[in-house]
Amino acid sequence: MGAVMGTFSSLQTKQRRPSKDKIEDELEMTIVCHRPEGLEQLEAQTNFTKRELQVLYRGFKNECPSGVVNEETFKQIYAQFFPHGDASTYAHYLFNAFDTTQTGSVKFEDFVTALSILLRGTVHEKLRWTFNLYDINKDGYINKEEMIDIVKAIYDMMGKYTYPVLKEDTPRQHVDVFFQKMDKNKDGIVTLDEFLESCQEDDNIMRSLQLFQNVM
Amino acid sequence: MAAGVATWLPFARAAAVGWLPLAQQPLPPAPGVKASRGDEILVVNVSGRRFETWKNTLDRYPDTLLGSSEKEFFYDADSGEYFFDRDPDMFRHVLNFYRTGRLHCPRQECIQAFDEELAFYGLVPELVGDCCLEEYRDRKKENAERLAEDEEAEQAGDGPALPAGSSLRQRLWRAFENPHTSTAALVFYYVTGFFIAVSVIANVVETIPCRGSARRPPKEQPCGDRFPQAFFCMDTACVLIFTGEYLLRLFAAPSRCRFLRSVMSLIDVVAILPYYIGLFVTKNDDVSGAFVTLRVFRVFRIFKFSRHSQGLRILGYTLKSCASELGFLLFSLTMAIIIFATVMFYAEKGTNKTNFTSIPAAFWYTIVTMTTLGYGDMVPSTIAGKIFGSICSLSGVLVIALPVPVIVSNFSRIYHQNQRADKRRAQQKVRLARIRLAKSGTTNAFLQYKQNGGLEDSGSGEEQVLCVRNRSAFEQQHHHLLHCLEKTTCHEFTDELTFSEALGAVSLGGRTSRSTSVSSQQMGPGSLLSSCCPRRAKRRAIRLANSTASVSRGSMQELDTLAGLQRSPAPQSRSSLNAKPHDSLDLNCDSRDFVAAIISIPTPPANTPEESQPSSPGGGGRVSSTLRNSRLGTPCVLPETVKISSL
């Protein structure tokens with residue numbers, strides 16, 4: 001990434017013509033074909049082996065030949081796993097969690113970094129990633145509204161035909177239970193420390209975190 | 001699912017980490033996928049041309065030949081490649097389908113050959129991509145039509161086989177509709193045709209003046225008046241034949257009402273009615289005028305030929321289908337006629353001894369001029385009249401000439417449009433069905449999978465292998481993902497039927513307020529209830545129970561140790577497991593409002609040695625395997641909400 005972006009930016013600085021900047025920018029946007037950093041660098045940065053990175057990249061490149069995933073594609077891909085319901089809201093939050101630099105597109109590095117945390121990271125890292133996911137506005141705190149949005153999005157994925165029948169206030173109740181557990185000082189918001197602490201106390205969660213070890 | 005989706009499954013599963021803190025139930029364990037050998041390159045040798053591809057590429061579509069274990073039948077161990085004795089050019093398209101997810105149709109190949117290749121490799125023709133779909137279907141339809149025509153031509157000699165023991169009616173009807181089926185029918189066909197021709201010719205000839213030799217000077221008379229008896233006999237004979245034919249058809253028709261309403265029968269009636277009316281009406285001067293008019297209708301007998309002529313029928317159908325265009329032509333003509341007639345009338349009003357006595361009288365002039373006939377019986381004499389007359393004839397050319405090609409092209413357009421509309425409608429249905437099928441396929445796969453006893457670890461040994469429906473690694477992992485979602489939300493996926501049932505139950509208000517003892521309820525023999533309820537009546541056995549190992553206690557017991565707890569249930573013989581499911585409900589959810597049914601199948605006492613395996617997900621998992629094992633041969637259909645309690 002560094003190399004490619006470097007050349008692009010250097011090209012730009014060389015030809016700084018105010019009238020033609022916009023055109024060049026647009027041109028760049030349309031032909032952006034992002035190439036990731038080298039295999040060795042990625043291997044060093046993440047917890048994957050070279051082979052695994054190769055497999056991941058082949059799949060990634062197949063779906064997104066341009067090298068970046070935008071939100072629409074992301075949503076479509078995620079929706080295919082949940083044909084019963086509507087996965088777009090949750091995919092949106094997920095996308096924001098993957099897109100750490102908030103650029104609006106997920107590059108292969110972001111993708112692989114997040115996967116590395118989720119699949120091979122330490123418990124601490126995973127929990128922090130999850131906290132980041134729940135924290136929609138990225139202000140460092142989770143309040144009830146954010147949590148309700150997230151939980152609603154998850155329930156949306158279940159679709160209409162569920163057993164037992166989904167009721168209107170089910171997400172809210174779920175969030176209440178969650179807050180009861182997580183919010184230690186009962187101030188209505190959950191901070192990262194509270195979150196980490198509560199999760200580590202819960203054996204359920206601890207055990208489940210190991211579930212996805214062998215996904216690759 | 002689409003091609004690349006399989007490669008994104010790890011990402012989707014990893015993203016499930018986001019549900020973990022919310023999950024109120026422990027999530028099910030991941031399926032133990034056998035250690036994959038990493039991605040390797042497979043060599044596929046098709047009639048000498050070697051294709052190489054990643055194994056993952058082929059695994060994307062597990063229900064095709066190359067994606068399933070069926071390809072092992074073609075594996076050549078000596079050369080280490082898969083050998084297919086098929087067309088290598090076609091194989092290129094098949095392989096590209098795996099790579100890109102789109103199946104293209106080769107332009108220069110025979111569509112039949114392509115179909116055969118698809119069938120061999122287990123690809124459905126509906127997979128043909130949108131870019132090539134229309135052409136594929138067109139060519140296929142052409143082929144099918146041509147084959148059908150050939151078949152028809154072959155069969156034409158034989159005729160459709162009549163069911164044995166058909167009644168006289170059916171035989172008669174068939175003889176009428178298909179004259180070439182039997183000799184008698186053919187004879188009848190030709191006889192009626194002959195008589196139609198005779199009748200028409202007689203009608204024509206009886207108006208020709210023949211020289212009467214009886215008197216001098218020879219007085220010209222129409223032949224009909226000179227030989228009235230001869231013509232009358234001929235007419236009678238024809239009408240008798242026609243009447244007989246009509247009555248026979250009426251008798252043989254499968255649906256008399258429909259027959260009576262059909263065009264052909266109406267023509268028949270109109271053809272023979274004047275004769276009978278003439279018979280019963282005496283030769284009276286008052287009525288004879290009307291009688292003569294009626295004789296005109298005898299000319300309609302010529303339309304009876306349309307039964308004998310395919311072309312006439314097609315022409316009739318054409319006119320019928322172009323009715324609106326014809327109507328438009330007529331309307332525009334009428335407008336022009338009225339306008340010009342009016343103009344001409346007023347232009348010629350001043351002249352004396354003019355032919356244009358009124359506007360309707362001018363209609364005749366306008367029509368003759370516009371159709372460029374120009375009889376010359378009515379001509380304008382004023383200058384204004386002549387000017388407008390010339391304008392009329394010029395515009396006549398336009399007005400007449402324009403709609404005719406429009407009608408012709410309309411006809412061909414309408415004809416082709418009809419064909420295409422039917423095609424598109426059928427395609428649309430198929431396409432929608434395909435989408436629905438794909439969607440419901442994934443849904444149903446998961447529901448079916450749950451029906452079959454749920455998700456459990458594959459580490460329970462060989463007993464499972466026999467019974468468990470063979471699922472690919474991808475499916476296993478995908479189902480595990482959906483199962484995690486269910487656990488997170490404490491709701492289950494179900495189908496429409498169950499959903500509406502449950503809705504009904506909820507509205508009755510009986511179920512949701514079932515009390516749950518929040519306080520600890522001993523896990524163990526007490527909570528394991530075996531009710532001998534039949535499978536479908538399982539609904540009524542829904543209850544909530546909180547297990548002691550619920551989250552409220554803040555500690556979750558190890559799944560393995562729980563197996564020990566479960567070991568001392570009410571003694572159940574293995575055979576009794578065959579008959580009915582045993583309902584017992586554990587719900588680890590704190591929330592009381594959820595009405596979920598979980599069945600934990602008690603461990604048969606004979607299974608103790610297995611329970612010591614540490615890697616199992618719990619007694620429930622193994623138990624179901626043995627349960628299913630004992631039901632080998634019977635369809636494993638448990639009610640949909642059967643779940644293995646993981647505690």
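Residues are numbered from 1 along each chain as its sequence is written, while chains are lettered from A and ligands numbered from 1 in the order in which they are written. Because the model is predicted, local features need pLDDT of at least 70 and side-chain atom pairs count only at pLDDT 80 or more, whereas totals for chains, interfaces and linings use all residues; side-chain values use heavy atoms, with hydrogens and water left out.

Confidence comes first. For the complex the predictor gives an ipTM of 0.72 and a pTM of 0.44. Within chain A, helix α6 (residues 88–98) has the highest confidence, at 89, and helix α1 (residues 2–14) the lowest, at a mean of 48; helices here are DSSP runs of H or I with at least four residues, strands are runs of E with at least two, and both are numbered from the N terminus. Over residues 8–18 of chain A the pLDDT stays under 50, and the model has six contacts (heavy atoms within 4.5 Å) for this stretch beyond four places in sequence. Chain B averages a pLDDT of 70, with 64% of the residues scoring at least 70. Residues 457–468 of chain B have a pLDDT below 50, and this stretch has 19 contacts in the model beyond near neighbours in sequence. In residues 510–647 of chain B, too, pLDDT stays under 50, and there the model has 267 contacts beyond four places in sequence.

How do the two chains meet? Contact joins 71 residues of chain B with 64 residues of chain A. The area buried between them, that is, the accessible area (1.4 Å probe) that two parts lose on being put together, summed over both, is about 6,000 Å², of which carbon and sulfur atoms give 68%. On the side of chain B that touches chain A, the elements giving two or more residues are α1 (5–15), α17 (403–451), α19 (473–489), β7 (492–493) and α20 (496–508) of chain B. By class, this side of chain B has 42 nonpolar, 18 polar and 11 charged residues, where Ala, Val, Leu, Ile, Met, Phe, Trp, Tyr, Cys and Pro count as nonpolar, Asp, Glu, Lys and Arg as charged, and the others, Gly among them, as polar. The interface also includes strand pairing (at least two bridges found by DSSP): strand β4 (residues 162–163) of chain A runs antiparallel to β7(B) and is joined to it by two bridges, with B:F493 as the bridge partner of A:T162.

Within chain B, four strands form an open sheet of mixed pairing in the order β2-β1-β4-β3. Strands β2 (49–54) and β3 (75–76) of chain B stand at the edges with a single partner strand each, so one side of each is left without a neighbour in the sheet. Strand β1 (residues 41–46) of chain B is joined to β2(B) by six antiparallel bridges, and B:V43 stands opposite B:E52. These strands, β1(B) and β2(B), form a hairpin with two residues between them, and B:S47 in the turn has a positive phi of about 50°. On pairing with strand β4 (residues 81–84) of chain B, β1(B) runs in the parallel sense over three bridges, B:V44 having B:Y82 as its bridge partner. Two bridges join β3(B) to β4(B) in antiparallel fashion, and B:D76 is partnered by B:E81. The hairpin of β3(B) and β4(B) has four residues between the strands, with B:G80 in the turn at a positive phi of about 70°.

Since B:D89 lies in helix α3 (residues 88–100) of chain B and B:R49 in strand β2 of chain B, the pair ties together parts that are 40 residues apart in sequence.

Conventions: pLDDT is the predictor's confidence in each residue, from 0 to 100.
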